[in-house]
Amino acid sequence: MKPRQRKQYFRNMKRSDDSEREKRRKRRRLIQELGEQRIPYLSPADPGFQELWDSSYAGLALRQCSVLPDGLHERVQSALITLQRRGCLLRDLVRVRDRDVFTAVSRALVGQPGYTYRYLDTRLFAIPWHCEGEEGQKDENGKPCCDSDLRDACKAFWELNQFFCSDVRPQTNARGVKRSRSDTENSEDTPGEGMCEESVKDRLLEEKQEKEKKEEEEEESIQGCSYSSPPSSTPPPNVGHLVQFNITLINYMDLTVMTQLKEEPYYGMGKMAVGWHHDENLVPLSPVAVYSYSCPAEPKNEGVTEKDGEGQSKDKEKETETEGEGTCKDKLKEEREGLEKEEVQKEKACWRVGLKVAWDIHTPGLALPLQSGDCYSMTDDLNRTHQHCVLAGDMARFSSTHRVVQCCTGTLDYIQKRCSEALENLQTDPEKNTKSLKSLLPSTLQHTEDIHNEVEFEWLRQYWFQGRRYARFCSWWNKPMEQMEKDWKEMEQMTQLLLDVVEDENTAQEIRREMADVLLNALTDRQQHRQTWRDRCQSSLAQTLPAEEAPADRPYWSNEDPDMPLPFDLSEIINRVESLLWRM
């Protein structure tokens, strides 16, 4: 990380903190303004539902379950149940406002080999999906990284992903463009096919998104919402060239566990399983596609059955013979109203996705019921300008949420290249078998130490914080993480070599001061982050997890470990460098 990028990173961190405070302030103001009132919302049974959808939620598209290819439902639903039964779907221990909390939603990440997804200070490592026609992903021994059941499950998610890649069109048009109607009106309509020219350049789009992020609402973090990690200084890829979803976040919502669901506060839509949020860490303007599966339940013998309907029709005929025409019309009206109420109750028994225009109390909200096997997608800039929530039904629910995640800093390929960059500054004398630093330029040293911290805190500790749960399911990450830990140990030695040069009185004083500044900043950050991770691993919530899921404080070693060039506790070294700088 260059000095300019480093300053930008800390500016973004401060802006993120300011944004969080602004979101809380705006939420309080909005609730105060509403008071006891509720903003109206529309469901399919309400007049004007389709018009509202077309005018204010044009980027939302529904694909009914009948649209999917033959057999795909069965394979995907079997895959979801396989993940649940194998224990792959787990609640994440995430960080919200400097405290650890469990997500109410259980989840796993499946996707391109070597991809990760970061949210709420937690990095998920993808179980690789397996493509058709391939033998499957292999581990370091050339063996399949997953057993046959898990391979079949991951292949089913890949098939579903392929369907979405061909069915959902990535868009670059602005909000408000008319889109084709949903499957609820015409199952042959294909949503999301309209294309229009870009109205702004990428640079202006990024600036606009920075402004929009300040207006996002922080709501129901622990109920599964996704929030962005500190913004990266790397520009996002051009969305116009993206045609592939690269990961899917598998979610499982079990109402027997999610016992303290909160009421939706603005519209009175009902209980929320996932609160209002934007999906984050996605490529700008990229679509999101979701497959919804509600677990089977025994049908309830409520409402009017076909046989009951026949009997009631005969009763009506008799009543028509004996009663006046006006009375018959009144009873038909009552029946119609009763059926409408029953339809509303059926809708609320379904899982629903709720949508609203962000920070808008004038546009009615939208509540879209989801039958088991239905799919929906959010295209254009809907995910940026709107927020969505998940409203609980009366059964358990799985979802497979396919995304195009920001991958500039979140792939194994990226971090391996970073390791190589850092280790380029380490050289070995073949005759003396000693190691030294090639360059002592402060910019080079800063770059190396930044990579050192990134590897330890964004990868190694993130991986081991989630315990040994990944290794139980899939061995794909085993070898890469072992190699990364070896590279990290080399970087520990590079820090020791830098310390030796800084403390060498034969080094020119001005050069020593610059190097000492770089070293002190790196060590101070490292010491602080190590303590944070130690605290997280030893938190009361972490202690409640079974051994195979419990966080591991790794890397960890005693200060006297002869295999490590530096102690785990850096406080004494920090004091030495501070004292050295004070004397200069």
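Strand E12 (residues 351-357) pairs with strand E15 in the antiparallel sense over six bridges. Strands (E, at least two residues) and helices (H or I, at least four) are DSSP runs numbered from the N terminus, and two strands pair if DSSP finds at least two bridges between them. Within this pairing, Val 357 stands opposite His 386 of E15. The model is predicted, with local features needing pLDDT of at least 70 and side-chain atom pairs counting only at pLDDT 80 or more, whereas totals for chains, interfaces and linings use all residues. Residues are numbered from 1 along each chain as its sequence is written, and side-chain values use heavy atoms, with hydrogens and water left out.

Strand E15 (residues 386-391) also runs antiparallel to strand E10 (residues 271-277), to which three bridges join it. Here Met 272 stands opposite Leu 391 of E15. Strand E15 is mostly covered, six of its six residues being buried, where buried means under 20% relative accessible area, exposed over 50% and partly exposed in between (1.4 Å probe, protein chains only). In a regular strand the side chains alternate between the two faces of the sheet. In E15, His 386, His 388 and Val 390 are buried on one side, and Gln 387, Cys 389 and Leu 391 are buried on the other.

Most residues other than glycine have a negative phi, and most peptide bonds are trans. In the loop between E10 and strand E11 (288-294), Asn 281 has a positive phi of about 60°. Leu 285, placed in the loop between E10 and E11, has a positive phi near 65°. Asn 281 counts as buried because its relative accessibility is 18%, and Leu 285 counts as buried because its value is 13%. A cis peptide bond with omega of about 5° joins Arg 554 and Pro 555; Pro 555 is found in the loop between helix H13 (509-537) and helix H14 (571-583).

The axes of helix H9 (residues 412-423) and helix H12 (residues 478-503) come within 10 Å and cross at roughly 25°. These axes are lines fitted to C-alpha atoms over the stretch in contact, and angles run from 0 to 180 degrees between N-to-C directions. H9 and H12 are therefore roughly parallel to each other, a term for angles under 35 degrees, with over 145 counted as roughly antiparallel, 65 to 115 as roughly perpendicular and the rest as oblique.
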